[in-house]
Amino acid sequence: MIRDLHEKLINGEITSVKLTEEYFQRIEEKDPQIGAFLTLSRDLAMEQARLVDRKIEKKEKTDLLAGIPGAIKDNICVSGVRATAGSKILDNYIAPYDATVIKKIKENDGVILGKTNMDEFGMGSSTENSAYQKTKNPVDPKRVPGGSSGGSVAAVAGGEAVWSLGTDTGGSIRQPASFCGVIGLKPTYGRVSRYGAMAMASSLDQIGSIGTSVEDVAIILSRISGKDMHDATTAESFGKKYEEYLDGDIRRLKIGISKEFFGEGLDEKIKEQVKKALDKFKSLGAEVKEIDLSHSRFALPVYYIIMTSEVSSNLARFDGIKFGLSINDRVKSDIPSGYAESSLLEVYLDTRKYGFGAEVKRRIMLGTYALSSGYYDAYYKKAQKVRALIRKNFENAFEEVDVIFSPTAPEVAFKFGEKTDDPLKMYLSDIYTVTANLAGVPAISFPIGTVGNGEKGLPIGGQLIGKWFDEETILKAAHQFEINKK
Amino acid sequence: MLSKEEVKNIAALARIGLNEDEIEKYRKDISSILDYFQKLNELDTDSIKPIGHITGRENISREDRVEDAGDIGIKEILKNAPETKGGYVKVKSVF
(Lines give C-alpha, C1' and ligand atoms only; values in the text may rest on other atoms or scores of the structure.)
Protein backbone atom coordinates (compact mmCIF):
# COMPACT_ATOMS: atom_id res chain seq x y z
CA MET A 1 0.00 0.00 0.00
CA ILE A 2 2.85 2.41 0.82
CA ARG A 3 4.46 1.88 -2.58
CA ASP A 4 1.16 2.53 -4.43
CA LEU A 5 0.54 5.72 -2.47
CA HIS A 6 4.13 6.79 -3.10
CA GLU A 7 3.65 6.38 -6.87
CA LYS A 8 0.45 8.41 -6.73
CA LEU A 9 2.17 11.17 -4.79
CA ILE A 10 5.07 11.30 -7.22
CA ASN A 11 2.76 11.23 -10.25
CA GLY A 12 0.76 14.11 -8.83
CA GLU A 13 -2.45 12.03 -8.69
CA ILE A 14 -2.78 12.93 -5.01
CA THR A 15 -1.06 15.29 -2.59
CA SER A 16 0.11 14.47 0.90
CA VAL A 17 -2.11 17.23 2.29
CA LYS A 18 -5.18 15.64 0.64
CA LEU A 19 -4.16 12.17 1.75
CA THR A 20 -3.53 13.28 5.33
CA GLU A 21 -6.81 15.18 5.45
CA GLU A 22 -8.59 12.10 4.17
CA TYR A 23 -7.12 10.01 6.99
CA PHE A 24 -8.14 12.58 9.61
CA GLN A 25 -11.63 12.44 8.16
CA ARG A 26 -11.64 8.65 8.41
CA ILE A 27 -10.52 8.95 12.04
CA GLU A 28 -13.35 11.40 12.69
CA GLU A 29 -15.87 8.99 11.18
CA LYS A 30 -14.58 5.69 12.48
CA ASP A 31 -12.76 6.33 15.71
CA PRO A 32 -15.82 7.02 17.84
CA GLN A 33 -16.55 3.30 17.26
CA ILE A 34 -13.04 1.83 17.11
CA GLY A 35 -11.34 3.95 19.79
CA ALA A 36 -7.82 3.50 18.45
CA PHE A 37 -6.50 7.01 19.09
CA LEU A 38 -5.77 8.80 22.36
CA THR A 39 -4.28 12.01 20.93
CA LEU A 40 -4.23 13.46 17.42
CA SER A 41 -1.23 15.49 16.23
CA ARG A 42 -3.04 17.36 13.48
CA ASP A 43 -0.77 20.43 13.38
CA LEU A 44 2.38 18.35 13.15
CA ALA A 45 0.86 16.07 10.47
CA MET A 46 -0.37 18.90 8.25
CA GLU A 47 2.96 20.69 8.53
CA GLN A 48 4.78 17.50 7.53
CA ALA A 49 2.38 16.93 4.64
CA ARG A 50 2.80 20.47 3.29
CA LEU A 51 6.58 20.08 3.41
CA VAL A 52 6.42 16.84 1.39
CA ASP A 53 4.12 18.41 -1.20
CA ARG A 54 6.57 21.29 -1.64
CA LYS A 55 9.45 18.82 -2.10
CA ILE A 56 7.52 16.85 -4.72
CA GLU A 57 6.51 20.05 -6.49
CA LYS A 58 10.17 21.04 -6.68
CA LYS A 59 10.99 17.53 -8.01
CA GLU A 60 13.23 16.87 -5.02
CA LYS A 61 13.95 13.23 -4.26
CA THR A 62 11.59 11.92 -1.60
CA ASP A 63 11.57 8.70 0.39
CA LEU A 64 9.06 5.86 -0.19
CA LEU A 65 7.48 6.74 3.13
CA ALA A 66 7.35 10.50 2.50
CA GLY A 67 3.91 12.01 2.89
CA ILE A 68 2.24 8.78 3.98
CA PRO A 69 0.30 8.94 7.26
CA GLY A 70 0.83 6.56 10.16
CA ALA A 71 0.10 6.21 13.87
CA ILE A 72 2.37 5.83 16.89
CA LYS A 73 1.79 3.79 20.03
CA ASP A 74 1.39 6.13 22.99
CA ASN A 75 4.47 4.86 24.85
CA ILE A 76 6.77 6.31 22.16
CA CYS A 77 7.71 9.98 22.55
CA VAL A 78 6.87 12.52 19.85
CA SER A 79 8.24 15.94 20.78
CA GLY A 80 5.55 18.38 21.91
CA VAL A 81 2.79 15.74 21.83
CA ARG A 82 1.09 14.20 24.87
CA ALA A 83 2.36 10.71 25.74
CA THR A 84 0.37 8.79 28.35
CA ALA A 85 1.35 5.16 27.68
CA GLY A 86 -2.30 4.44 28.54
CA SER A 87 -1.72 5.48 32.16
CA LYS A 88 -3.31 8.11 34.38
CA ILE A 89 0.08 8.70 35.93
CA LEU A 90 1.15 10.39 32.66
CA ASP A 91 -2.20 12.05 31.92
CA ASN A 92 -0.60 15.49 31.57
CA TYR A 93 2.81 14.46 30.21
CA ILE A 94 4.05 16.27 27.09
CA ALA A 95 7.07 14.56 25.54
CA PRO A 96 10.00 17.01 25.50
CA TYR A 97 11.91 15.13 22.76
CA ASP A 98 11.57 12.70 19.86
CA ALA A 99 12.28 9.00 20.28
CA THR A 100 15.00 7.82 17.88
CA VAL A 101 12.40 5.97 15.76
CA ILE A 102 10.35 9.18 15.51
CA LYS A 103 13.42 11.17 14.53
CA LYS A 104 14.03 8.64 11.77
CA ILE A 105 10.41 8.61 10.61
CA LYS A 106 10.48 12.42 10.47
CA GLU A 107 13.77 12.43 8.55
CA ASN A 108 12.03 10.28 5.94
CA ASP A 109 8.98 12.56 5.99
CA GLY A 110 6.56 9.94 7.30
CA VAL A 111 3.42 11.80 8.46
CA ILE A 112 2.40 11.31 12.10
CA LEU A 113 -1.38 11.35 12.65
CA GLY A 114 -1.41 10.76 16.38
CA LYS A 115 -0.91 8.46 19.33
CA THR A 116 -2.72 5.18 19.86
CA ASN A 117 -4.37 3.44 22.76
CA MET A 118 -2.65 0.62 24.63
CA ASP A 119 -2.69 -1.46 27.77
CA GLU A 120 -1.19 0.69 30.51
CA PHE A 121 2.61 0.74 29.96
CA GLY A 122 2.19 -2.25 27.65
CA MET A 123 0.86 -4.56 30.35
CA GLY A 124 -1.97 -6.59 28.92
CA SER A 125 -3.12 -8.68 25.99
CA SER A 126 -6.42 -7.02 25.10
CA THR A 127 -5.92 -3.24 25.50
CA GLU A 128 -8.60 -3.46 28.22
CA ASN A 129 -5.99 -2.25 30.72
CA SER A 130 -5.88 1.23 29.20
CA ALA A 131 -6.83 3.85 31.77
CA TYR A 132 -8.65 5.79 29.05
CA GLN A 133 -10.83 3.79 26.71
CA LYS A 134 -11.62 0.46 25.13
CA THR A 135 -10.38 -0.20 21.62
CA LYS A 136 -12.66 -2.39 19.52
CA ASN A 137 -11.50 -5.00 17.05
CA PRO A 138 -12.44 -3.54 13.62
CA VAL A 139 -13.29 -7.06 12.41
CA ASP A 140 -15.88 -7.54 15.17
CA PRO A 141 -16.55 -4.67 17.60
CA LYS A 142 -17.76 -7.09 20.31
CA ARG A 143 -14.23 -8.41 20.52
CA VAL A 144 -10.90 -7.09 21.78
CA PRO A 145 -8.19 -6.09 19.31
CA GLY A 146 -5.55 -7.88 21.36
CA GLY A 147 -2.77 -6.04 23.09
CA SER A 148 -0.90 -4.27 24.23
CA SER A 149 -0.49 -2.43 20.89
CA GLY A 150 -4.27 -2.71 20.32
CA GLY A 151 -4.70 0.91 19.22
CA SER A 152 -1.85 0.85 16.68
CA VAL A 153 -3.12 -2.41 15.19
CA ALA A 154 -6.80 -1.41 15.16
CA ALA A 155 -5.89 1.91 13.48
CA VAL A 156 -4.27 0.03 10.59
CA ALA A 157 -6.89 -2.74 10.43
CA GLY A 158 -9.71 -0.17 10.54
CA GLY A 159 -8.22 1.97 7.75
CA GLU A 160 -7.46 4.92 10.05
CA ALA A 161 -3.71 4.83 9.32
CA VAL A 162 -1.58 3.34 6.56
CA TRP A 163 1.09 2.05 8.92
CA SER A 164 1.86 2.21 12.62
CA LEU A 165 4.52 1.62 15.23
CA GLY A 166 4.04 -0.59 18.25
CA THR A 167 6.19 -2.13 20.95
CA ASP A 168 6.51 -5.85 21.64
CA THR A 169 7.76 -7.16 24.99
CA GLY A 170 6.02 -10.54 24.95
CA GLY A 171 3.83 -10.46 21.85
CA SER A 172 2.28 -6.99 22.01
CA ILE A 173 2.62 -6.40 18.25
CA ARG A 174 2.11 -9.94 16.96
CA GLN A 175 -0.87 -11.08 19.03
CA PRO A 176 -3.05 -8.05 18.12
CA ALA A 177 -1.90 -8.31 14.48
CA SER A 178 -3.16 -11.89 14.58
CA PHE A 179 -6.49 -10.86 16.19
CA CYS A 180 -7.14 -8.04 13.68
CA GLY A 181 -5.89 -9.71 10.49
CA VAL A 182 -2.90 -7.48 9.68
CA ILE A 183 0.88 -7.91 9.68
CA GLY A 184 3.04 -7.18 12.70
CA LEU A 185 6.80 -7.53 13.09
CA LYS A 186 8.93 -7.75 16.19
CA PRO A 187 12.52 -7.24 15.02
CA THR A 188 15.60 -8.80 16.63
CA TYR A 189 16.50 -7.43 20.06
CA GLY A 190 18.93 -4.66 19.17
CA ARG A 191 17.70 -4.04 15.63
CA VAL A 192 15.73 -0.91 16.53
CA SER A 193 16.64 1.71 19.14
CA ARG A 194 14.24 1.99 22.07
CA TYR A 195 15.45 5.49 23.05
CA GLY A 196 12.32 7.51 23.72
CA ALA A 197 10.09 4.47 24.17
CA MET A 198 8.92 4.07 27.76
CA ALA A 199 10.74 1.09 29.20
CA MET A 200 8.65 -1.83 30.40
CA ALA A 201 11.08 -4.79 30.52
CA SER A 202 14.36 -3.65 29.07
CA SER A 203 15.84 -7.05 28.24
CA LEU A 204 12.73 -7.90 26.18
CA ASP A 205 11.28 -4.63 24.76
CA GLN A 206 11.52 -3.97 21.05
CA ILE A 207 9.83 -1.47 18.72
CA GLY A 208 8.30 -2.85 15.53
CA SER A 209 6.04 -2.05 12.62
CA ILE A 210 2.43 -2.86 11.68
CA GLY A 211 0.87 -2.72 8.19
CA THR A 212 -1.58 -4.30 5.79
CA SER A 213 1.14 -5.94 3.70
CA VAL A 214 4.48 -7.57 4.45
CA GLU A 215 6.15 -5.05 2.17
CA ASP A 216 4.77 -2.12 4.21
CA VAL A 217 6.11 -3.62 7.41
CA ALA A 218 9.51 -4.11 5.73
CA ILE A 219 9.54 -0.51 4.45
CA ILE A 220 8.95 0.84 7.96
CA LEU A 221 11.59 -1.47 9.47
CA SER A 222 14.22 -0.19 7.00
CA ARG A 223 13.53 3.34 8.16
CA ILE A 224 13.65 2.77 11.91
CA SER A 225 16.47 0.25 12.35
CA GLY A 226 20.13 0.85 13.08
CA LYS A 227 22.72 1.65 15.69
CA ASP A 228 22.01 4.44 18.14
CA MET A 229 24.34 5.78 20.79
CA HIS A 230 21.31 6.38 23.02
CA ASP A 231 20.53 2.64 23.16
CA ALA A 232 23.61 0.53 23.80
CA THR A 233 21.83 -2.69 22.77
CA THR A 234 21.52 -1.61 19.14
CA ALA A 235 23.52 -3.10 16.29
CA GLU A 236 24.67 -1.65 12.98
CA SER A 237 22.20 -2.24 10.14
CA PHE A 238 24.23 -0.74 7.27
CA GLY A 239 21.22 0.99 5.74
CA LYS A 240 19.66 -2.28 4.62
CA LYS A 241 16.41 -1.90 2.64
CA TYR A 242 14.35 -4.88 3.77
CA GLU A 243 11.71 -4.30 1.09
CA GLU A 244 14.32 -5.30 -1.50
CA TYR A 245 14.66 -8.81 -0.08
CA LEU A 246 11.09 -9.99 -0.62
CA ASP A 247 11.21 -11.32 -4.18
CA GLY A 248 12.28 -14.76 -5.32
CA ASP A 249 11.06 -18.22 -4.49
CA ILE A 250 11.38 -20.02 -1.18
CA ARG A 251 12.33 -23.40 -2.62
CA ARG A 252 14.38 -25.46 -0.17
CA LEU A 253 13.66 -23.00 2.65
CA LYS A 254 13.81 -25.13 5.79
CA ILE A 255 10.87 -24.50 8.09
CA GLY A 256 11.01 -25.92 11.60
CA ILE A 257 7.96 -26.89 13.61
CA SER A 258 7.91 -27.81 17.27
CA LYS A 259 5.26 -29.72 19.17
CA GLU A 260 5.61 -27.18 21.98
CA PHE A 261 3.67 -24.75 19.79
CA PHE A 262 0.81 -27.15 19.13
CA GLY A 263 0.05 -28.26 22.65
CA GLU A 264 -2.75 -28.01 25.14
CA GLY A 265 -4.93 -24.93 24.88
CA LEU A 266 -4.60 -24.52 21.13
CA ASP A 267 -7.94 -24.11 19.37
CA GLU A 268 -8.49 -27.09 17.03
CA LYS A 269 -9.66 -24.84 14.21
CA ILE A 270 -6.45 -22.83 14.44
CA LYS A 271 -4.40 -26.02 14.39
CA GLU A 272 -6.17 -26.98 11.15
CA GLN A 273 -5.37 -23.64 9.52
CA VAL A 274 -1.74 -23.80 10.62
CA LYS A 275 -1.46 -27.22 8.98
CA LYS A 276 -2.99 -25.79 5.80
CA ALA A 277 -0.49 -22.95 5.88
CA LEU A 278 2.33 -25.48 6.20
CA ASP A 279 0.95 -27.30 3.14
CA LYS A 280 1.00 -23.98 1.30
CA PHE A 281 4.63 -23.43 2.25
CA LYS A 282 5.41 -26.97 1.07
CA SER A 283 3.66 -26.32 -2.24
CA LEU A 284 5.95 -23.31 -2.67
CA GLY A 285 8.94 -25.61 -2.31
CA ALA A 286 9.77 -25.25 1.36
CA GLU A 287 10.80 -28.23 3.46
CA VAL A 288 9.21 -28.83 6.85
CA LYS A 289 11.17 -30.41 9.64
CA GLU A 290 10.42 -31.16 13.28
CA ILE A 291 12.77 -29.47 15.76
CA ASP A 292 13.30 -29.59 19.50
CA LEU A 293 12.22 -26.48 21.41
CA SER A 294 11.29 -28.44 24.51
CA HIS A 295 12.33 -25.70 26.92
CA SER A 296 9.69 -23.43 25.40
CA ARG A 297 7.16 -25.04 27.67
CA PHE A 298 8.78 -23.03 30.48
CA ALA A 299 8.74 -19.81 28.47
CA LEU A 300 5.64 -18.27 30.06
CA PRO A 301 6.70 -18.55 33.73
CA VAL A 302 10.25 -17.45 32.78
CA TYR A 303 8.81 -14.49 30.91
CA TYR A 304 6.53 -13.43 33.76
CA ILE A 305 9.35 -13.57 36.31
CA ILE A 306 11.84 -11.61 34.20
CA MET A 307 9.31 -9.12 32.87
CA THR A 308 7.72 -8.30 36.24
CA SER A 309 11.17 -7.94 37.83
CA GLU A 310 12.25 -5.46 35.18
CA VAL A 311 8.87 -3.69 35.37
CA SER A 312 9.28 -3.15 39.12
CA SER A 313 12.62 -1.50 38.48
CA ASN A 314 11.67 0.53 35.39
CA LEU A 315 8.44 1.92 36.84
CA ALA A 316 10.17 3.17 39.97
CA ARG A 317 10.71 6.41 38.04
CA PHE A 318 7.03 7.30 38.36
CA ASP A 319 7.28 8.84 41.79
CA GLY A 320 5.25 12.04 41.61
CA ILE A 321 8.41 14.18 41.75
CA LYS A 322 9.94 14.66 38.30
CA PHE A 323 6.98 14.40 35.95
CA GLY A 324 3.49 13.05 35.58
CA LEU A 325 0.79 12.81 38.19
CA SER A 326 1.67 13.96 41.67
CA ILE A 327 -0.45 13.90 44.76
CA ASN A 328 0.61 17.51 45.30
CA ASP A 329 -0.65 18.46 41.89
CA ARG A 330 -4.40 18.66 42.17
CA VAL A 331 -4.76 21.38 39.59
CA LYS A 332 -4.10 19.04 36.69
CA SER A 333 -5.26 15.74 38.13
CA ASP A 334 -8.44 14.34 39.60
CA ILE A 335 -7.02 12.86 42.75
CA PRO A 336 -9.61 12.60 45.51
CA SER A 337 -9.27 15.37 48.08
CA GLY A 338 -8.29 14.59 51.61
CA TYR A 339 -4.66 14.07 50.71
CA ALA A 340 -3.28 17.16 52.28
CA GLU A 341 0.35 18.22 52.17
CA SER A 342 2.22 15.01 52.92
CA SER A 343 5.69 13.72 53.60
CA LEU A 344 7.92 12.45 50.79
CA LEU A 345 7.01 8.81 51.43
CA GLU A 346 3.32 9.63 51.31
CA VAL A 347 3.80 11.40 47.98
CA TYR A 348 5.24 8.17 46.59
CA LEU A 349 2.61 5.90 48.10
CA ASP A 350 -0.39 7.99 47.15
CA THR A 351 0.80 9.03 43.70
CA ARG A 352 1.40 5.42 42.72
CA LYS A 353 -1.81 4.26 44.39
CA TYR A 354 -3.93 6.62 42.29
CA GLY A 355 -1.73 6.80 39.21
CA PHE A 356 -1.34 3.12 38.39
CA GLY A 357 -4.04 0.67 37.37
CA ALA A 358 -4.59 -2.77 38.91
CA GLU A 359 -2.51 -4.82 36.48
CA VAL A 360 0.47 -2.47 36.69
CA LYS A 361 0.38 -2.61 40.49
CA ARG A 362 0.11 -6.40 40.37
CA ARG A 363 3.17 -6.71 38.16
CA ILE A 364 5.25 -4.19 40.11
CA MET A 365 4.53 -6.10 43.31
CA LEU A 366 5.25 -9.50 41.73
CA GLY A 367 8.58 -8.19 40.43
CA THR A 368 9.41 -6.56 43.74
CA TYR A 369 8.80 -9.88 45.45
CA ALA A 370 10.84 -11.84 42.88
CA LEU A 371 13.80 -9.50 43.33
CA SER A 372 13.56 -9.14 47.10
CA SER A 373 16.21 -10.42 49.42
CA GLY A 374 15.90 -14.17 49.99
CA TYR A 375 13.81 -14.79 46.86
CA TYR A 376 16.13 -13.54 44.13
CA ASP A 377 17.84 -16.92 43.55
CA ALA A 378 14.59 -18.86 43.49
CA TYR A 379 12.89 -16.60 40.97
CA TYR A 380 14.96 -14.14 38.94
CA LYS A 381 18.21 -16.11 38.80
CA LYS A 382 16.38 -19.35 38.12
CA ALA A 383 14.44 -17.68 35.30
CA GLN A 384 17.65 -16.31 33.73
CA LYS A 385 19.07 -19.84 33.77
CA VAL A 386 16.05 -21.31 32.04
CA ARG A 387 16.20 -18.41 29.60
CA ALA A 388 19.73 -19.54 28.71
CA LEU A 389 18.34 -23.02 28.00
CA ILE A 390 15.59 -21.57 25.79
CA ARG A 391 18.18 -19.63 23.82
CA LYS A 392 20.30 -22.77 23.45
CA ASN A 393 17.23 -24.56 22.01
CA PHE A 394 16.98 -21.88 19.33
CA GLU A 395 20.73 -21.97 18.57
CA ASN A 396 20.51 -25.70 17.96
CA ALA A 397 17.29 -25.44 15.97
CA PHE A 398 18.73 -22.78 13.66
CA GLU A 399 21.58 -25.11 12.74
CA GLU A 400 18.95 -27.31 11.14
CA VAL A 401 16.31 -24.88 9.87
CA ASP A 402 16.07 -21.33 8.48
CA VAL A 403 12.83 -20.29 10.15
CA ILE A 404 10.32 -21.66 12.66
CA PHE A 405 6.56 -21.63 12.06
CA SER A 406 3.81 -21.63 14.67
CA PRO A 407 0.41 -20.14 15.38
CA THR A 408 0.75 -16.58 16.74
CA ALA A 409 -1.84 -17.07 19.47
CA PRO A 410 -3.69 -20.13 20.78
CA GLU A 411 -7.04 -18.47 20.07
CA VAL A 412 -8.87 -15.91 17.95
CA ALA A 413 -9.93 -12.48 19.28
CA PHE A 414 -11.94 -12.96 22.46
CA LYS A 415 -14.86 -10.92 23.80
CA PHE A 416 -14.55 -7.96 26.15
CA GLY A 417 -14.39 -8.96 29.80
CA GLU A 418 -13.78 -12.63 29.03
CA LYS A 419 -10.40 -12.73 30.77
CA THR A 420 -10.27 -9.63 32.95
CA ASP A 421 -11.06 -11.50 36.19
CA ASP A 422 -8.21 -13.98 35.93
CA PRO A 423 -4.72 -12.56 35.25
CA LEU A 424 -3.24 -16.00 34.53
CA LYS A 425 -5.85 -16.69 31.87
CA MET A 426 -4.93 -13.40 30.18
CA TYR A 427 -1.21 -14.25 30.40
CA LEU A 428 -1.79 -17.52 28.49
CA SER A 429 -2.73 -15.51 25.41
CA ASP A 430 1.02 -14.80 24.99
CA ILE A 431 2.13 -18.41 25.22
CA TYR A 432 3.46 -18.66 21.64
CA THR A 433 4.87 -15.16 21.36
CA VAL A 434 6.97 -14.69 24.53
CA THR A 435 9.59 -17.23 23.44
CA ALA A 436 10.90 -14.98 20.66
CA ASN A 437 11.37 -12.10 23.13
CA LEU A 438 13.19 -14.35 25.60
CA ALA A 439 15.53 -15.60 22.86
CA GLY A 440 15.86 -12.12 21.30
CA VAL A 441 15.02 -13.39 17.81
CA PRO A 442 12.83 -11.61 15.20
CA ALA A 443 9.26 -12.82 14.58
CA ILE A 444 6.42 -11.80 12.31
CA SER A 445 2.67 -12.46 12.47
CA PHE A 446 0.65 -12.54 9.26
CA PRO A 447 -2.89 -13.67 8.38
CA ILE A 448 -3.18 -17.33 7.36
CA GLY A 449 -6.96 -17.76 7.39
CA THR A 450 -10.17 -17.20 9.30
CA VAL A 451 -12.61 -19.19 11.42
CA GLY A 452 -16.39 -19.04 11.91
CA ASN A 453 -18.17 -15.97 13.24
CA GLY A 454 -20.49 -15.24 10.32
CA GLU A 455 -19.55 -14.07 6.87
CA LYS A 456 -16.19 -12.44 7.46
CA GLY A 457 -14.87 -14.82 10.05
CA LEU A 458 -12.23 -14.05 12.65
CA PRO A 459 -8.61 -13.76 11.53
CA ILE A 460 -5.92 -16.25 12.49
CA GLY A 461 -2.26 -15.29 12.48
CA GLY A 462 0.71 -17.47 11.67
CA GLN A 463 4.09 -16.68 13.20
CA LEU A 464 7.48 -17.05 11.52
CA ILE A 465 10.48 -16.81 13.82
CA GLY A 466 13.90 -16.10 12.33
CA LYS A 467 17.56 -16.18 13.27
CA TRP A 468 19.13 -13.27 15.16
CA PHE A 469 19.38 -10.24 12.85
CA ASP A 470 17.88 -12.18 9.93
CA GLU A 471 14.62 -10.29 9.40
CA GLU A 472 15.00 -10.74 5.61
CA THR A 473 14.20 -14.45 5.61
CA ILE A 474 10.99 -14.25 7.65
CA LEU A 475 9.84 -11.19 5.69
CA LYS A 476 10.48 -12.96 2.40
CA ALA A 477 8.72 -16.17 3.47
CA ALA A 478 5.71 -14.21 4.78
CA HIS A 479 5.60 -12.14 1.60
CA GLN A 480 5.70 -15.21 -0.63
CA PHE A 481 2.87 -16.74 1.43
CA GLU A 482 0.88 -13.51 1.10
CA ILE A 483 1.16 -13.21 -2.68
CA ASN A 484 0.47 -16.92 -3.27
CA LYS A 485 -2.47 -17.11 -0.88
CA LYS A 486 -5.13 -18.07 -3.40
CA MET B 1 -0.41 -18.38 50.16
CA LEU B 2 1.22 -15.10 51.09
CA SER B 3 0.21 -13.56 54.38
CA LYS B 4 -1.36 -10.12 54.69
CA GLU B 5 1.84 -8.87 56.29
CA GLU B 6 3.91 -10.12 53.34
CA VAL B 7 1.68 -8.27 50.87
CA LYS B 8 1.93 -5.10 52.95
CA ASN B 9 5.70 -5.47 53.00
CA ILE B 10 5.90 -5.92 49.21
CA ALA B 11 3.65 -2.90 48.68
CA ALA B 12 5.81 -0.81 50.99
CA LEU B 13 8.98 -1.85 49.14
CA ALA B 14 7.26 -1.01 45.84
CA ARG B 15 5.98 2.30 47.26
CA ILE B 16 2.36 1.56 46.41
CA GLY B 17 -0.38 2.53 48.82
CA LEU B 18 -3.07 -0.16 49.23
CA ASN B 19 -6.34 -0.34 51.15
CA GLU B 20 -7.58 -3.44 53.00
CA ASP B 21 -9.66 -4.76 50.07
CA GLU B 22 -6.74 -4.42 47.70
CA ILE B 23 -4.41 -6.22 50.08
CA GLU B 24 -6.78 -9.18 50.15
CA LYS B 25 -7.19 -9.14 46.34
CA TYR B 26 -3.48 -8.99 45.61
CA ARG B 27 -2.80 -11.64 48.24
CA LYS B 28 -4.85 -14.09 46.18
CA ASP B 29 -3.65 -12.92 42.75
CA ILE B 30 0.04 -12.83 43.55
CA SER B 31 -0.05 -16.15 45.41
CA SER B 32 -1.64 -17.97 42.47
CA ILE B 33 0.88 -16.53 40.02
CA LEU B 34 3.77 -17.44 42.34
CA ASP B 35 2.40 -21.00 42.39
CA TYR B 36 2.47 -21.00 38.61
CA PHE B 37 6.15 -19.99 38.73
CA GLN B 38 6.87 -23.20 40.66
CA LYS B 39 6.72 -25.00 37.32
CA LEU B 40 10.36 -24.01 36.82
CA ASN B 41 11.37 -26.28 39.69
CA GLU B 42 10.75 -29.27 37.40
CA LEU B 43 14.01 -28.30 35.75
CA ASP B 44 17.45 -28.92 37.25
CA THR B 45 19.53 -25.85 36.45
CA ASP B 46 22.41 -26.24 38.94
CA SER B 47 25.06 -26.38 36.22
CA ILE B 48 23.52 -23.70 33.99
CA LYS B 49 24.97 -20.21 33.79
CA PRO B 50 22.29 -17.50 33.91
CA ILE B 51 22.07 -15.54 30.68
CA GLY B 52 23.52 -12.04 30.41
CA HIS B 53 22.80 -10.02 27.32
CA ILE B 54 20.67 -11.93 24.86
CA THR B 55 22.53 -11.04 21.66
CA GLY B 56 25.88 -11.22 23.48
CA ARG B 57 26.87 -7.56 23.33
CA GLU B 58 29.05 -6.19 26.11
CA ASN B 59 31.09 -3.15 27.05
CA ILE B 60 29.73 -0.64 24.57
CA SER B 61 32.02 2.36 24.78
CA ARG B 62 32.32 5.77 23.21
CA GLU B 63 34.70 8.68 23.39
CA ASP B 64 34.49 10.59 26.65
CA ARG B 65 33.36 13.83 25.13
CA VAL B 66 30.88 16.30 26.57
CA GLU B 67 28.03 17.14 24.27
CA ASP B 68 26.65 20.48 25.31
CA ALA B 69 22.92 20.51 24.76
CA GLY B 70 22.73 24.16 25.85
CA ASP B 71 19.51 25.12 27.58
CA ILE B 72 17.32 23.57 24.91
CA GLY B 73 14.71 21.40 26.52
CA ILE B 74 14.96 22.71 30.06
CA LYS B 75 11.68 24.59 29.75
CA GLU B 76 9.95 21.60 28.15
CA ILE B 77 11.27 19.23 30.80
CA LEU B 78 10.32 21.48 33.71
CA LYS B 79 6.84 21.95 32.29
CA ASN B 80 6.19 18.30 33.18
CA ALA B 81 7.39 18.62 36.78
CA PRO B 82 4.71 18.94 39.49
CA GLU B 83 6.71 21.55 41.43
CA THR B 84 9.65 23.69 40.35
CA LYS B 85 11.71 26.45 41.90
CA GLY B 86 14.33 28.64 40.25
CA GLY B 87 14.72 26.35 37.24
CA TYR B 88 14.94 23.17 39.31
CA VAL B 89 12.54 20.38 40.20
CA LYS B 90 11.40 20.87 43.77
CA VAL B 91 11.66 17.79 45.98
CA LYS B 92 10.30 17.31 49.47
CA SER B 93 12.82 17.04 52.25
CA VAL B 94 13.93 13.46 52.81
CA PHE B 95 14.24 13.80 56.59
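This is a predicted model: local features need pLDDT of at least 70, side-chain atom pairs count only at pLDDT 80 or more; totals for chains, interfaces and linings use all residues.
## Strand E4 of chain A

Strand E4, residues 163-167 of chain A, is accordingly mostly covered, with five of its five residues buried.

E4(A) has pairing partners in strands E2 and E6. Strand E2 (residues 69-73) of chain A runs parallel to E4(A) and is joined to it by three bridges; within this pairing, A:Ile72 has A:Leu165 as its bridge partner. Strand E6 (residues 207-211) of chain A runs antiparallel to E4(A), with five bridges between them. There, A:Trp163 is the bridge partner of A:Gly211.

## Helix H1 of chain A

Which residues of helix H1 (residues 2-11) of chain A are buried? They are A:Ile2, A:Leu5 and A:Leu9. These residues lie on the same side of H1(A) because they cover an arc of only 65 degrees around the axis. An α-helix has 3.6 residues a turn, so residues three or four places apart point the same way.

The other side of H1(A) carries the exposed residues A:Asp4, A:Glu7 and A:Asn11. Cover for the buried residues of H1(A) includes helix H2 (16-34), helix H3 (42-57), E4 and helix H7 (214-224) of chain A. After H1(A) comes A:Gly12, which has a positive phi, near 80 degrees.

## A:Ile34 and its surroundings

A:Ile34 is located in helix H2 of chain A. This residue counts as buried because it has 24 C-beta neighbours inside 10 Å, where the cut-off for burial is 20 or more.

Leaving aside residues up to four places away in sequence, A:Ile34 touches A:Thr135, A:Lys136, A:Pro138, A:Ala154, A:Gly158 and A:Glu160.

## The largest nonpolar core

The largest nonpolar core comprises 158 residues, and A:Val302 and A:Met365 have the most contacts inside it. Helix H9 (residues 299-314) of chain A contributes the most to this core, namely nine residues. In soluble globular proteins, nonpolar side chains tend to be buried together.

With residues up to four places away in sequence not counted, A:Val302 touches A:Ala383, A:Val386, A:Arg387, A:Ile390 and A:Leu438, and also B:Leu40 of the other chain.

Chain B contains three helices and two strands, arranged along the sequence as α-α-α-β-β. Its radius of gyration is 23 Å, whereas a compact globule of 95 residues would have a value near 12 Å. The C-alpha atoms of chain B fill a box of roughly 55 × 45 × 25 Å along the principal axes. Of its 95 residues, 16% count as buried.

How many residues of chain B are in contact with chain A? The contact involves 40 residues of chain B and 54 residues of chain A. On the chain B side, helix H1 (4-13), helix H2 (20-37) and helix H3 (74-79) each supply at least two residues, and H2(B) gives the most, with seven residues. By class, this side of chain B has 24 nonpolar, six polar and 10 charged residues.

Notes:
Residues are numbered from 1 along each chain as its sequence is written. Chains are lettered from A and ligands numbered from 1 in the order in which they are written. Helices (H or I, at least four residues) and strands (E, at least two) are DSSP runs, numbered from the N terminus. The radius of gyration is taken over C-alpha atoms; the globule rule is 2.2 Å times the number of residues to the power 0.38. A residue is buried if 20 or more other C-beta atoms lie within 10 Å of its own, exposed if 12 or fewer, and partly exposed in between; C-beta atoms are placed from the backbone. Two residues are in contact if their C-beta atoms, placed from the backbone, lie within 7 Å. Ala, Val, Leu, Ile, Met, Phe, Trp, Tyr, Cys and Pro count as nonpolar, Asp, Glu, Lys and Arg as charged, and the others, Gly among them, as polar. Two strands pair if DSSP finds at least two bridges between them. The arc is that of the directions from the helix axis to the C-beta atoms. A nonpolar core is a set of buried Ala, Val, Leu, Ile, Met, Phe, Trp, Tyr and Cys residues joined through C-beta atoms within 7 Å.
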